[in-house]
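Thank you all for coming.

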Amino acid sequence: QLELELDANPRAELKGDPVRLQQIIGNLISNAIKYSPEGGTIGIRLDPPDGGWVDLHISDQGVGIPEEDLPRVFERFYRASNVVGRIAGTGLGLAGVRQIVEQHGGTVTLRSVPSEGTTVTIRLPVAPQQ
């Protein structure tokens, strides 16, 4: 079983395509679940808007990514060496996430430690105030 932790911070209106933004969030949560051991915790945190940007952090306590694989995890069809043949996947998810985030003017970063877990942070611009 997985426990979902959600920190509810002040709401931020993002500028972008809601369907595509839902797609990246869904992909990152799906990855967190897929690469976590049974009973792991998935954390989702939305930081309050700061300087026209909002940061969303999705973290897990899963298998993590070896350091030597980190530079390539956003490449299409690339899969980390510790999951190839063990956990099903195509290597397209993170490449798609990065593409959509960058099309929205944002950035995506990833921190990971093998056997401890991964945190993906997406930074997106906030919609101008009306």
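Predicted model: local features only at pLDDT ≥ 70, side-chain atom pairs only at ≥ 80, totals over all residues.

Of the contacts in the protein chain with a separation of 6 or more, 61% are accounted for by residues 24 or more positions apart, where contact means heavy atoms within 4.5 Å. Residues are numbered from 1 along each chain as its sequence is written, and side-chain values use heavy atoms, with hydrogens and water left out.

The protein chain has 2 helices and 5 strands, and from the N terminus on its elements run β-α-β-β-α-β-β; these are DSSP runs numbered from the N terminus, helices being H or I of at least four residues and strands E of at least two.

Let me turn to the strands, which are said to pair if DSSP finds at least two bridges between them. β2 and β3 pair in the antiparallel sense over 4 bridges, with Ile44 having Ile58 in β3 as its bridge partner, and in their hairpin, which has 6 residues between the strands, Gly51 takes a positive phi near 60°. β3 is also joined to β5 by 7 bridges, again antiparallel, and here Leu56 has Ile122 in β5 as its bridge partner.

How enclosed is β3? It is largely enclosed by the rest of the structure, because 5 of its 7 residues are buried, buried meaning under 20% relative accessible area with a 1.4 Å probe, protein chains only. Over the protein chain, 41% of the 130 residues count as buried.

Leaving aside residues up to four places away in sequence, Val101 touches Ile24, Gly106, Thr107, Val108, Ile122, Arg123 and Leu124.

Finally, the largest pocket: on a 1 Å grid over the protein atoms alone, a pocket is an open set of points where a 1.4 Å probe fits, with protein on both sides within 12 Å along at least five of seven lines, and lining residues have an atom within 4 Å of a point. Of its 28 lining residues, Asn31, Lys34, Tyr35, Ile65 and Leu94 lie nearest its centre, and α1 gives the largest share of the lining, 6 residues.

Conventions
Buried < 20%, exposed > 50% of the residue type's maximum accessible area, 1.4 Å probe, protein only.
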